[in-house]
Amino acid sequence: MNNEVITAMKFRTLLRHLREGVKSIGRNGWMTVASIGAVTTTLILVAVFLAVMLNLNQMADNIENDVQIDVMIEPTAGQEDIQNLGKAIQQIAGVESAVFSSKDDELNKLIESMGEDGEAWEMFEQDNPLNHVYIVKTNDPKDTVTVAKKLEGMENVQKVVYGQGVVERLFEFNKYARTVGLVLIIGLIFTAIFLISNTIKITIMARSKEIGIMKLVGATNGFIRWPFLVEGLLLGVLGSIIPILVVFTGYYYLENVVSKQIRYKFVEFLPYTPFAFQLSLIILAIGAVIGVWGSVMSVRKYLKV
Amino acid sequence: MIQMKDVHKVYDNGVTALSGINIDIKRGEFVYIVGPSGAGKSTFTRLIFREVKPTQGTIYVNSVNINELKEKKVPFLRRDVGVVYQDFKLLPKLTVYENVAFAMEVIESPPTIIRTRVMEVLDQVGLKHKARSFPDELSGGEQQRVSIARAIVNHPKIVIADEPTGNLDPDTSWGIMKILQEINDRGTTVIMATHSKEIVNTFKNRVVAIEGGVIVRDEQRGDYGYEV
């Protein structure tokens with residue numbers, strides 16, 4: 001026999017397995033409903049938790065990225081000194097940008113930020129007590145402290161301001177928050193794997209007799225396993241439909257209604273597109289993978305007849 | 001076709017089922033296995049398609065030593081041996097047609113051949129009109145005929161029936177026996193464990209009596225030989 005015939009037979013058998021898997025979903029009625037229910041509940045939990053954790057993470061990033069270093073320039077420094085200082089700052093490893101801001105700009109910013117009270121500062125416009133400033137940003141916010149230390153030692157620098165003390169604690173706090181979040185996510189995913197594969201195990205346990213019969217009729221293990229694999233995949237995918245709907249509608253509401261009522265600058269949710277889609281994809285993948293894994297693992301147990 | 005040499009079987013729980021079976025069954029024979037309950041009849045039949053492995057001794061089926069058969073090859077042995085069970089062992093979620101077709105799908109027969117062949121055997125056992133029914137919608141006799149149809153659909157060389165009429169009323173039993181006899185007439189080796197004196201004494205065939213795990217009688221065209 002040539003290879004083509006063999007491949008053709010395999011493909012036909014694959015179709016058969018797909019058909020049988022789908023059929024089994026329909027014929028196992030309540031067992032199917034129960035499994036899908038368990039998958040749905042667990043995945044909703046995972047989805048909500050992931051959304052919360054990823055957004056908190058994003059906010060932590062936002063806060064960290066807002067950290068900047070203000071380099072106050074000595075009032076005695078001349079035009080050339082200032083330009084040289086700018087070049088020197090750019091040379092420091094880890095510096096992303098150094099933007100010059102004149103003392104007039106600084107005063108305007110100050111007045112603006114004070115709102116109505118700012119008017120009181122307008123009298124300083126004639127005799128501005130502020131310094132010219134270089135606003136320095138680092139590539140990685142975590143380098144802030146080391147870069148600031150280097151800036152302090154430079155010529156024509158009067159003072160370096162970056163929220164000393166606060167920034168260090170912020171980074172420390174975020175580091176712990178991220179670790180805790182990661183541990184919780186991993187824990188939750190393991191719980192999901194356990195819950196879903198357990199439910200699927202029960203539906204298959206109810207059919208261990210059928211598996212035995214199939215073996216006695218001369219079915220190979222692979223032949224028996226495939227339809228169950230398809231069925232597990234379908235259970236996982238069907239179970240992720242509602243969680244995905246929850247993600248899309250819930251996140252839409254969060255983005256469009258809730259976020260408008262919050263006025264803190266750093267509270268900025270991850271954008272609906274692509275985040276809602278990415279999260280849905282993750283949910284779908286978890287459902288499908290666990291569905292397949294759960295069914296294959298449980299069938300394996302009964303194949304040793 | 002089937003040879004057993006000094007076959008012993010002790011189950012894990014310590015029960016000795018067979019102790020020294022020697023037998024030679026030729027192609028095309030019809031053999032009754034008789035004997036009291038617990039004598040080892042079921043174990044004997046189950047050895048042939050390796051649902052049970054012997055503790056000692058050798059078994060040849062189709063000139064293959066099935067003790068040495070790798071686990072992966074067992075499905076292929078079972079495709080040569082059609083089995084009919086007392087409790088039918090039909091797949092409850094599949095229709096009559098699908099149950100019989102399953103045995104053909106397993107050997108990856110082309111769909112067109114499956115359709116014609118399944119309807120052919122269902123016709124042979126008189127259940128063509130029930131093809132779309134599910135097992136629990138059928139009577140015991142009908143379920144047993146489905147299981148026979150499944151056993152013979154792949155033209156096996158051997159059909160093993162473990163008390164196929166055990167749960168059935170006499171009229172239904174006759175029907176089942178006629179089908180098995182017909183299969184045998186077409187050249188298939190049939191091995192049937194039974195408790196039915198009427199059947200053994202009416203449809204005359206080779207009779208092998210097992211008692212206490214050994215063969216105590218082996219007669220061509222024998223009688224049941226036990227009082228019921």
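These legends go with several close-up views of a predicted model. Local features are described where pLDDT is at least 70, side-chain atom pairs count only at pLDDT 80 or more, and totals for chains, interfaces and linings use all residues. Residues are numbered from 1 along each chain as its sequence is written, with chains lettered from A and ligands numbered from 1 in the order in which they are written.

**View 1. Here is where chain A and chain B touch.** Chain B puts in 14 residues and chain A 13, a contact being two residues whose C-beta atoms, placed from the backbone, lie within 7 Å. On the chain B side, helix 2 (74-80) and helix 3 (96-106) are the elements giving two or more residues. Helix 3 of chain B gives the most, with four. Helices (H or I, at least four residues) and strands (E, at least two) are DSSP runs numbered from the N terminus. Sorted by class, the chain B side has six nonpolar, no polar and eight charged residues. Here Ala, Val, Leu, Ile, Met, Phe, Trp, Tyr, Cys and Pro count as nonpolar, Asp, Glu, Lys and Arg as charged, and the others, Gly among them, as polar.

**View 2. Two helices of chain A cross here.** Helix 2 (residues 29-66) of chain A and helix 10 (residues 272-302) of chain A have axes that come within 10 Å and cross at roughly 145°. Axes are lines fitted to C-alpha atoms, for helices over the stretch in contact, and angles run from 0 to 180 degrees between N-to-C directions. Val39(A), Leu43(A), Val46(A), Ala47(A), Leu50(A) and Ala51(A) from helix 2 of chain A meet Leu279(A), Ile282(A), Ile283(A), Ile286(A) and Gly287(A) from helix 10 of chain A. That makes ten nonpolar, one polar and no charged residues. Helix 10 of chain A also holds Pro274(A), which is joined to Thr273(A) by a cis peptide bond with omega about 5°.

**View 3. This one shows the open sheet of chain B.** Six strands run in the order 6-7-8-3-9-10, with mixed pairing; two strands pair if DSSP finds at least two bridges between them. Strand 6 (81-84) and strand 10 (214-219) of chain B sit at the edges with a single partner strand each, so one side of each has no neighbour in the sheet. From one strand to the next, the twist averages 20°. Strand 3 (residues 30-34) and strand 9 (residues 206-211) of chain B pair in the parallel sense over four bridges, and Ile33(B) has Val208(B) as its bridge partner in strand 9 of chain B. Beyond its neighbours within four places in sequence, Ile33(B) also contacts residues including Lys41(B), Phe44(B) and Ile191(B).

View 4. Ser63(B) counts as exposed because it has 7 C-beta neighbours inside 10 Å. With 21 C-beta neighbours inside 10 Å, Phe88(B) counts as buried. The cut-offs are 20 or more other C-beta atoms within 10 Å for buried, 12 or fewer for exposed, and partly exposed in between, with C-beta atoms placed from the backbone.
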